[in-house]
Amino acid sequence: MHPQPAESLYDCNLIGKMKTAIAIAAHPDDIEMMMAGTLLLLKKAGYEIHYMDLAFGNVGSVVYDSETTKKTRLEEAKNAARILGAHFHPPFCNDLEIFYDLNSLRRVAAVIRDVKPTVVLTHSPVDYMEDHTTTCRLAVTGAFARGMPNFETVPAYAVGDYDCTVYHALPHTLRDPLRHVIVPGAFVNTTAVQPTKMEALKAHQSQQSWLDVSQKMNSYLQTMEETSLAVGKMSKQFTHAEGWRRHLHVGFCTADADPLHELGADYLVNESYEKELNAGI
Ligand SMILES: [Zn+2]
C-alpha cells in the first residue's frame, strides 16, 4: 500500500484556472526563432503564456564584456516577452554553462510548479549545440516532477496533479548535428502572427552584429524568416509555420493528449510522421 501524500502538498486551485503554456529555451532569441508563433496563437486561443530562457546570453558579443552583454540581453529579452504578451521568467546561468545538474533542475522545476503549464514548448531533444539539448532535458524533467512532492524545487512550490503535454521545436537549421533533416510531427500555421514574432525577434538588437561575425548568419531576422518559410513549405499548406514533435505521454498526460489541436485549422498533424511512428505495432 502506498502512503497518501499530505493534502497540503497539492495545489488544489487548478480547477477553473486559466490554461497556461510556457516556452523554455536556452538563450535570449531562441523562443523568437522557433517557438514564438505557436505561443502567440496559444494566447489567442485563451492561454496565459510564459517565457523563460535559462542562460543570460552573456557570450553573445565579441565587442562587449560578459556583464555588459548580460545586462543588455536581459533587457532585450524582457522587451521581447512584453511584445509577445508573455510573463517573463529570468535566466539563471551563463551561456555554455547550462548543465543537467541538481541546482538547474530545481530551478526549472520551480518555474513549472509556479506556472502549472498544460503545454510546454522546448528545444529539440537533439540540437546543434549542447545548451539547447540540455535545456530540453531540464524542461522535460522539470515537467515530469510537477506532481512529485518528494522532489524539492528552489524556491519551493506546491506540486500539482494535472496533464502537461511537452512539444519539441525543430532544431536550428532544421537538421540534427549529423545533418539529417528533422521532419516535424505537426505544423502550426504562424502566418498571421509572423509580424509580431518578427517584432519580438527585433527586440534582440545586439544579436545582429554578433551572429554576423560568429555564425555567418547574414541577418538573424532573415534566418527566422527563411526558416519559417521552409517549415511552411514542408507543411505543403501554410506560408509560415513552426514544426513540433510531441513528447511521449508517459509521466505527462494521456496517450492521445494533443492540446495544440485547440489551434483549430492552424494545426496540422503530419499523417505520414504518425504512420511511421506506429509502424510495427
Ligand atoms: Zn540558442
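What follows covers the sheet, the metal site, a proline in a loop and some salt bridges.

Please keep in mind that this is a predicted model.

**The sheet**

Let us begin with the sheet, which is open and built from 8 strands in the order S3-S2-S1-S4-S5-S7-S6-S8, with mixed pairing. S3 and strand S8 (267–269) stand at the edges with a single partner strand each, so one side of each has no neighbour in the sheet. From one strand to the next, the twist averages 25 degrees. Helix H4 lies across strand S1 (20–25), strand S2 (48–53), S3 and strand S4 (119–122), and runs at about 165 degrees to S1.

**The zinc site**

The zinc ion is coordinated by His27 (ND1), Asp30 (OD), Asp30 (OD) and His132 (NE2), at 2.1 to 2.4 Å. Along the chain, these donors follow the spacing H-x2-D-x101-H. The angles among the 4 donor atoms are 56 to 136 degrees, and the site is irregular. His27 is buried at 10% relative accessibility, and Asp30 is buried too, with a relative accessible area of 9%.

**A proline in a loop**

Pro91 sits in the loop between strand S3 (87–89) and helix H4 (102–115). Is Pro91 buried or exposed? With a relative accessible area of 12%, Pro91 counts as buried because the cut-off for that class is under 20%. Leaving aside neighbours within four places in sequence, Pro91 is in contact with Asp53, Leu54, Ala55, Phe56 and Leu74. Of these, Ala55 is 36 residues away in sequence, yet the two C-alpha atoms are 5.1 Å apart.

**Salt bridges**

| Pair | N to O distance |
|---|---|
| Glu75 and Lys78 | 3.9 Å |
| Glu242 and Lys197 | 2.7 Å |
| Arg246 and Asp258 | 3.7 Å |

Glu75 and Lys78 both belong to helix H3 (residues 66–84), 3 residues or about one turn apart. Glu75 is partly exposed at 48% relative accessible area, as is Lys78 at 38%.

Glu242 in strand S7 (residues 241–246) meets Lys197 in helix H6 (residues 194–202), so this pair ties together parts 45 residues apart in sequence. Glu242 is buried, at 2%, and Lys197 is buried, at 1%.

Arg246 in strand S7 and Asp258 in the loop between S7 and S8 are 12 residues apart. Here Arg246 is partly exposed at 32%, whereas Asp258 is buried at 10%.

Terms used: Residues numbered from 1 in each chain as written. Predicted model: local features only at pLDDT ≥ 70, side-chain atom pairs only at ≥ 80, totals over all residues. Heavy atoms only, no water. Helix = DSSP H or I, 4+ residues; strand = E, 2+ residues; numbered from the N terminus. Buried < 20%, exposed > 50% of the residue type's maximum accessible area, 1.4 Å probe, protein only. Contact = heavy atoms within 4.5 Å. Donors = N, O, S within 2.8 Å, 3.2 Å for Na, K, Ca; no water. Tetrahedral: all angles 85-135°; square planar, octahedral: opposite > 155°, others 65-115°. Pairing = 2+ DSSP bridges. Axes fitted to C-alpha atoms, helices over the stretch in contact; angles between N-to-C directions. Salt bridge = Lys/Arg side-chain N within 4 Å of Asp/Glu carboxyl O.
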